[in-house]
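Here are my notes on the model you sent over, as numbered points. Have it open while you read.

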Amino acid sequence: MLAARIRTLIEEGELRPGARLPPDRALASALVVGRSTAVAAYDLLAGEGRIVRRQGSGTRVAGTAPAPARPTTDAPAFLHLLEPQDGVIMLACAAPDTPPPELVAAYTRTLPQLADTVGDIGYHPMGHIALRRAIAARYQSRGLSTTPDQILVTNGGQQALTLLARALIRPGDRVLVQAPTYPGALEAFREETAVLRALPVSLTGFAAALAEHRPVLVYVIATFHNPTGAVLPEQSRRRLAETTAAAGVMLVDDEVLSDLGFPGERAPLPLAAYHDQVITIGSLSKVVWGGLRIGWLRAPAPVIARLARLRAVHDLGGNIPAQLAAADLLPRLDAPQRRGAQQRQARHDHLRAELAHHLPDWQAPAVPGGQTLWVRLPHGDGSSFAQQALRHGVAVLPGSGLDADGRSAEYLRLHFLAPPDQLSEAVHRLAAAWRSYKTGPGRDTFLPTMAI
């Protein structure tokens, strides 16, 4: 299995000719396997001519090193999506896994509208006007005056982040983020070779960091923070919006999780309520279904116009049938939202109870909303334990991958969206993995591209 994984990385170009591979002892330690397993994998690949092993110069991929290529992601959050494994319980990637009946009904209701469409080629880089109006109306209902020309529809929240990074960041620009934070944001900013600077989730020391680092962009998740579930208090929200505006720095408020409060938990106002220059990201993939790739940006109209021009070059527009269904669904979102809130809280409570019973040394604080627990291990390293967990059939996200400073190594992110019986089975497997991990080989290093 290890040899097959390395072979795939070589064939796909992730490990390029001339690339240096870790010594067998380091590889075994990183992947929590016996040294004999690593040696056998290297011997097999050497026999195939895929790697070269020389005393004193180490192990390298066979062939002459070409000119450097632009690197691709090795973030576990994305690799788990690209390389799903049968029998593995996925507690790494969080989104609803079943389309609700309201979504199916919305598609049914909008089919006649689609059938009657004439004189429209379906290319709408800013998004279909019906959906932009519906999104603007939803912000209006929250007390935030919004017009359709302030809305850009995207293929999910991740595309919104990518567009912002391309439009606003130049190589070497500094970006302030919370630590930990959503790993997809870190990847989008790194893709533009931004220099990331981290602050605590509470944003303690924000004004001083703003003056010291002079960032071009500040990215925050102020409501039901990913991964900790924290909600920034009203006074801090106002101060954050006003301070960034006074400094002439763009503030991005990721509100993708803002509709995921538990029963009785009301989402605060968006940061844009405190200053009209704030850019807000929204999405339906977390509250409705992961496969409904409908997201959006709310920003001043000139910013939206610029982003639309950039989007038109890379993507002429999104899925119009999905946008029509989303426009129909948005005014009817309260029922599935209430139902989802009750289900998420029940599963949150179930996962915490299972962890407390089977892994009592793990710290898993309760959250008021969102989809994830930020779990602290009593000792060891989350990255190497994630390898052990995967060997036991559970995919989790290690904390260091969510931290711009590479810290949070003692943490894991676990989502609680799976059915209770699946969550119970996942905890049983995690407990078995933890027992093996505590008695296994070294636990200090991790090679993301070697994940098996």
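**Notes on strands, salt bridges and surface**

1. Let's start with S8 and strand S9 (residues 250–254): 4 bridges join the two, and they run parallel. For the record, two strands pair here if DSSP finds at least two bridges between them. Helices (H or I, at least four residues) and strands (E, at least two) are DSSP runs, numbered from the N terminus. In this pairing, Val 218 sits opposite Leu 251 in S9.

2. A quick word on where this comes from: it is a predicted model, in which local features need pLDDT of at least 70 and side-chain atom pairs count only at pLDDT 80 or more, while totals for chains, interfaces and linings use all residues. Residues are numbered from 1 along each chain as its sequence is written, and side-chain values use heavy atoms, with hydrogens and water left out.

3. Back to S8, which also pairs with strand S6 (residues 174–179), in the parallel sense and over 3 bridges. Here Leu 176 is the residue opposite Val 218. Which way do the S8 side chains point? Leu 217 and Tyr 219 go one way from strand S8 (residues 217–220), Val 218 and Val 220 go the other way, and all are buried. Buried means under 20% relative accessible area, exposed over 50%, and partly exposed in between (1.4 Å probe, protein chains only).

4. S8, helix H10 (residues 234–247) and S9 make up a right-handed β-α-β unit. Right-handed means that, with the strands pointing away from the viewer, the path from the first strand over the helix to the second runs clockwise.

5. There is also an open sheet of 3 strands, in the order S12-S15-S14, with antiparallel pairing. S12 and strand S14 (397–398) are the edge strands, each pairing on one side only. S14 is joined to strand S15 (residues 411–415) by 2 bridges, and Leu 397 faces Arg 413 in S15.

6. Take a look at Gln 371, in the loop between helix H13 (334–358) and strand S12 (372–376). Gln 371 is buried, at 4% relative accessible area. Leaving out residues up to four places away in sequence, its contacts include Lys 286, His 415 and Phe 416; contact means heavy atoms within 4.5 Å.

7. How many salt bridges does the structure hold? There are 13, a salt bridge being a side-chain nitrogen of Lys or Arg within 4 Å of a carboxyl oxygen of Asp or Glu. One of them joins Asp 328 and Arg 109 (2.5 Å, N to O). Asp 328 lies in helix H12 (residues 320–329) and Arg 109 in helix H5 (residues 101–115), so this pair ties together parts 219 residues apart in sequence. Asp 328 is buried at 15%, whereas Arg 109 is partly exposed at 38%. Asp 328 also meets Arg 332 in a salt bridge (3.1 Å, N to O), and Arg 332 is partly exposed at 42%.

8. Last stop, the surface: Ile 121, Tyr 123 and Leu 316 make a nonpolar patch of about 360 Å². Patches are made of residues with over 30% relative accessible area and no salt bridge, joining like charges within 9 Å and nonpolar side chains (Val, Leu, Ile, Met, Phe, Trp, Tyr) within 5 Å. The areas come from the Shrake-Rupley method with a 1.4 Å probe; for residues, only the protein chains shown count as cover. Tyr 123 belongs to the loop between H5 and helix H6 (129–141).
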